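Biologist: Please take me through this model one question at a time, with the cut-offs stated as they come up.

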Amino acid sequence: MSVTETLGLPNTRGRGPLIVAQIVDALGTGLFLPFAVVYFHVAKDLPLTTVGLMLSAAALLALPAGPLAGPMIDRFGPRRVVVAGNLIRVLTFTGYVFTDVPWQLIVLVTITLAGESQFRPGAAALVAQVADDGQRARWYAMDRALRNIGFGAGGLLGSVLVTWGGTAGYTGVVALNAVSFLVASALVATWRPARTPVTDPAPASGPAPDPAGKRGGYREVLADRAYLGFLATVCAFALCDLALTVLLSVYVIEARGLPAWQPGVLFAINTIMVMLAQTMVAKAVERHRRPRVLQVAGALWVVSFLLFAMVPAEHAGLAFAGLVIGMVVFTAAELLQAPTSIALTVALAPAHLRGRYLGLEELMWGLAKVVAPVVFTWLLTEGPALPWLALCACCLGAIAVLHRLSRVLPARAVRETVSA
C-alpha cells in the first residue's frame, strides 16, 4: 500500500496549484485571524466594546452572502466564484490599512465576511468537481488538515511580526494577508484541470450542466425535505464546533479560574490531532454510512461536553487532565463530522443546484456564528455547566434527526462508492 493511501490522501495529480492555493490562503488567514480583535483595538485605537459591536454587526449584515453565492456558483462555476471571493478580500484587507473610521471598517469587515461566505461554498463545489470517484471526503479532510497547518504557521509568523514590529507589525500582518489572497486567487485562476471526473461532467471552470434543460432555483432546494432536515444538524454541529473558539477559553479562565496557559495547550492538542489524523480518519470511515458516522460524532461531542462541564475549579491539575481528555474526545468528533457533513451535502445536491445547497449550508454556519457568542456567554453567566449541557441537547437532537433521515436519504448520499 502506498504512503498516499496509508495516510488517506486523495489523488492530487494535476491539482497541485489548488493545493498550493489552499496552503497560501490558510497561511494568510492564520496570520490575521488570531489578531483580528487586537488589530482593530491597537492599530485603529478603537475601544474593545466598539470592536465587538463592529464585528457582530458585520457578521449579521453578511448573513445573506452564503445563499447569494449559491446561484453564482451554479451559473458561473465554482472556480470563478473562488477567485472572486479571494479578490474581494484583497481589496478589503488593503482598505483596512487606510482607514480607522468605525463605519468604514464595518463596511469593510462586512464585505470581507461576505467574501469568505462566497469563497467557502465555492471551494467546496470546486473540490466536488475535481475529486476522483469516492474521494470527496478525503479532499475535504485534506483541505481541513492543510488549513490547520496554515493557520498554525500563520499564527506563529503573525506573533513574530506583532512582537517585533508593534503597530507596524499589525499593519504588516494585514498587508501580507492581502498578498496571500492575491496569490491564491492567481493560482486558482490560472489552473486548468487535466481531466474531469466521469461522475461529474461539469467543467471546473464553468457552470454545472442542468440535465433537465433548465436551471432550478432555491424553490427546488427547499422542496428537498430530507436536506432541510439535514441542515438542522449542520446548525447544531456548527454550534458544537464554535464552542472551541467562542466558549472554551473564557470558560477555563473566567468561569473556572484555571491558569491562562491551559486553553493554549488545549488548542494545540486540537490542531496537532487534526493535522496528523484528519485524512486517515476520513479514509477509515469512507465505506460507512454517513448518517451513522455523524451520529457517532454527535455522541462523542456529548461525552466531551460532559467532561468539560464536570471540570473541578478547585484542583488545577485534575481539571487540566479532564480538559485534555475532553479535548481529545472533542477533536475525534470533529475529525468524523467535518469531512462527512460536507460530503453528504454535495452528495445530496443535483449538479446544477450544488451551489445553492452549499449556500444554504453556509447560511447555517453564519447563523451559528451570530448566535453562539450571545447564547454561550449568557448561559455561562447563569451557570458554568449550562453552555455544555445546552450543547449536549443540540447533539442529542441532531442524533435523533439523523436516525430519521437515514431511512429517507437516497442511497448515493448515504454511502459513496469508493474507487478500488
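**Packing, helices and cysteines**

Biologist: Leaving aside its neighbours within four places in sequence, which residues is Trp 388 in contact with?

Modeller: Contact means heavy atoms within 4.5 Å. Neighbours within four places in sequence are set aside here. The partners of Trp 388 are then Ala 243, Leu 247, Leu 248, Tyr 251, Phe 305, Phe 308 and Ala 309.

Biologist: At which pLDDT do side-chain atom pairs count?

Modeller: Residues are numbered from 1 along each chain as its sequence is written, and side-chain values use heavy atoms, with hydrogens and water left out. This is a predicted model, in which totals for chains, interfaces and linings use all residues, local features need pLDDT of at least 70, and side-chain atom pairs count only at pLDDT 80 or more.

Biologist: How many helices does the protein chain have?

Modeller: Helices are DSSP runs of H or I with at least four residues and strands are runs of E with at least two, numbered from the N terminus. On these terms the protein chain has zero strands, and its helices number 17.

Biologist: What radius of gyration does the protein chain have?

Modeller: The radius is taken over C-alpha atoms, and the globule rule is 2.2 Å times the number of residues to the power 0.38. For 420 residues the rule gives 22 Å, and the radius of the chain is close to that, so the chain is as compact as a globular protein of that length. The C-alpha trace spans about 60 × 50 × 45 Å along its principal axes. The radius of gyration is 21 Å.

Biologist: How many of the residues of H2 are buried?

Modeller: H2 (residues 16-32) reaches 25 Å from its first C-alpha to its last, close to the 24 Å expected at 1.5 Å a residue; the expected span is 1.5 Å times one less than the number of residues. The buried residues of H2 pack against H3, H6 (78-97), H7, H8 (136-165) and H9 (167-190). H2 is mostly covered, and of its 17 residues the buried ones number 12.

Biologist: Why are the buried residues of H4 placed on the same side of the helix?

Modeller: The buried residues of H4 are Val 51, Met 54 and Ala 58. They lie on the same side of H4 because the arc they cover around the axis, taken from the directions from the helix axis to the C-beta atoms, is only 65 degrees.

Biologist: Which exposed residues does the opposite face of H4 carry, the one turned away from its buried side?

Modeller: The buried residues of H4 pack against H3 (36-43) and H7 (102-130). The face turned away from them carries the exposed residues Leu 48, Thr 49 and Leu 53.

Biologist: Is Asp 45 buried or exposed?

Modeller: Asp 45 is found in the loop between H3 and H4. Its phi is positive, about 55 degrees, although Asp 45 is not a glycine. With a relative accessible area of 67%, Asp 45 is exposed.

Biologist: How far from Cys 240 is the nearest cysteine sulfur?

Modeller: A disulfide is a pair of cysteine sulfur atoms within 2.5 Å, and a search of the whole structure finds zero of them. Cys 240 is in no disulfide, and the nearest cysteine sulfur, that of Cys 395, lies at 3.3 Å.

Biologist: How far apart in space are Ala 368 and Arg 120, C-alpha to C-alpha?

Modeller: Ala 368 lies in H15 and is buried, with a relative accessible area of 1%. In sequence, Ala 368 and Arg 120 are 248 residues apart. In space, C-alpha to C-alpha, they are separated by 15 Å.

Definitions and conventions: Buried means under 20% relative accessible area, exposed over 50%, partly exposed in between (1.4 Å probe, protein chains only).
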